[in-house]
2 protein chains.
Amino acid sequence: MSSNENAVTRLDLRSRLLVSTAGELRRRVDEARIRPGAVIGLVPTMGFFHEGHLSLMRAARAECSYVIVSAFVNPIQFGATEDFNTYPRDLDRDLAVAAGEGVDLMFAPPEHEVYQPGFDTMVVPGKISEGLCGASRPGHFRGVATIVAKLFNIVKPDTAYFGQKDAQQVAVIRRMATDLNFDVAIRVCPTVREPGGLAMSSRNTYLSDEEREQAAVLFRALSAAKEAAASGETSVSRIRRKMKKMIGGEYLVDLEYVKIVNPVDLEPVEEVATEALVAVAARVGRTRLIDNMMLTPGGPDAADA
Amino acid sequence: MSSNENAVTRLDLRSRLLVSTAGELRRRVDEARIRPGAVIGLVPTMGFFHEGHLSLMRAARAECSYVIVSAFVNPIQFGATEDFNTYPRDLDRDLAVAAGEGVDLMFAPPEHEVYQPGFDTMVVPGKISEGLCGASRPGHFRGVATIVAKLFNIVKPDTAYFGQKDAQQVAVIRRMATDLNFDVAIRVCPTVREPGGLAMSSRNTYLSDEEREQAAVLFRALSAAKEAAASGETSVSRIRRKMKKMIGGEYLVDLEYVKIVNPVDLEPVEEVATEALVAVAARVGRTRLIDNMMLTPGGPDAADA
């Protein structure tokens, strides 16, 4: 395609798919909602799409009559020293990718449309937001809960799609949806991984080749934990020790935490007696990465294998 | 009517009007919503209806095809030392009154239906909730914002009705509706007063005859402020001084605050140059009362009278 044709495609996609105000979004979705059998799906994202986002769009496309993807780098979920300014953005590429997945509409509002002058109300998760990533990212989950509540109220989706990679975000949003009586089903899709096992993340773009290679240790350590639990290991401290040792073997990977918790309320568990969530966070160079897996107890000692 | 007939009426009203679970409420309202031209109105209250509540129901009845009144004494908006336990309640009387106003449905859930085990998410207003009543009732407005957000999500009303008597509550809820993109119109109805001027409140039931008589000074002081502003007085300090002097004349009335503020963001104003809100709170015996009026500048010096 010539660069001229590219420009035409870009303009066409923008006019067909892109919505930048809440009012226009609501109008378009309300039109779709009144069609017989309408099922409205929302995929909230910060854009810069990777295969993980695509898997959410595909799930939504398979289950819904109308699919909205939001792409908004939400300033209030970033700490003052975090990467809000450098977070990768590419609206035209995202539009083309969303169009390729058959998305009906992409909501990419400017910041001043989302947070208007005098903005003064937050949705604040409690205890569930304090451990894991919440410990090192104070205010992050209230930023997440607030933007998701806003999107729920603008779109009023039947179903919203989130990735399991952000396990604490999933738990916080499930809790919020229940606590504030949102009439929205929360669907969680499996983590999508690069060939070496590294969980897909827009932030992976920050990684050097060597960092990317070493970062895959998080996947290997989680897999080892999963295997240990499946083979009958129930000791949280033994599983964590093993993981820390593996991760410690990669000199570019600086572990922030490795925790084994109840997957619903994120409270630490003392042993892997029922399904448990093992979650890790680490800095690899200047990049903060997170990942997790479900542990299912198995082996000779499992209660009901 | 015999007491037997009364009992039958009570049972009939309960079965016809009363809903106690969010699921049943949503089902009933969703049925009403699909009728052509449906307009859903919500009147959130803590029950123990007085003429103020009735004026809200009448406004809703005049404007909506389907009217829901909620009556729930919301524990999380009461401080530890406040009157949650003694707050007046009379479900059967409320049902009869609501039926008389042509309300379609009354939502009076038990506490465990509203706040389920593990409840862990609050809607938290910011600066707007810190002054006036917020200063002496920390946590009150987050309790209010949270229950109203929940009711909005359960009912999904087109319009919700609130009384101007609770001016800070109105400002907090308007702010929340804007900030969280609730698709709900907020209608505010004038304060309804007893013959002597005392603003109607369920808490007036706590007052002795003498307290009730003295409490009317709040109305008289507000009226004097309104008159002064209308006659060209712009000095906030002079208006407040006059009001304090009047209120100080009633020995049972213990003033908590008298403030003149911007009616939207509740920030104090220095002079009455445009419409301003004058708000008072006082203890009369063991009863905390609030009231307010709008001040409209007038007289020879008014900018555009």
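Domain bounds here come from an automatic or database domain assignment. The model is predicted: local features need pLDDT of at least 70, side-chain atom pairs count only at pLDDT 80 or more, and totals for chains, interfaces and linings use all residues. Residues are numbered from 1 along each chain as its sequence is written, and chains are lettered from A and ligands numbered from 1 in the order in which they are written.

**View 1. Two domains of chain A.** Chain A is assigned domain 1 (3–189) and domain 2 (202–295). Their centres, taken over C-alpha atoms, are 27 Å apart. In contact (C-beta atoms, placed from the backbone, within 7 Å) are 13 residues of domain 1 and 14 residues of domain 2 of chain A.

**View 2. Two copies, one axis.** A rotation of 180° with 0.0 Å of shift along its axis superposes chain A on chain B, with RMSD 0.0 Å. The copies are thus related as by a two-fold rotation axis. Of the residues of chain A, Val123(A) comes closest to the axis, at 2.3 Å (C-alpha).

**View 3. Where the chains touch.** Here 26 residues of chain A are in contact with 26 residues of chain B.

**View 4. Strands across the interface.** Strands are DSSP runs (E, at least two residues), numbered from the N terminus. Two of them pair if DSSP finds at least two bridges between them. S5(A) and S5(B) (residues 121–125) run antiparallel, joined by 5 bridges. Which residue of S5(B) is the bridge partner of Met122(A)? That partner is Val124(B).

Notes. Least-squares fit on C-alpha atoms with pLDDT ≥ 70 in both. Contact = placed C-beta atoms within 7 Å. Helix = DSSP H or I, 4+ residues; strand = E, 2+ residues; numbered from the N terminus.
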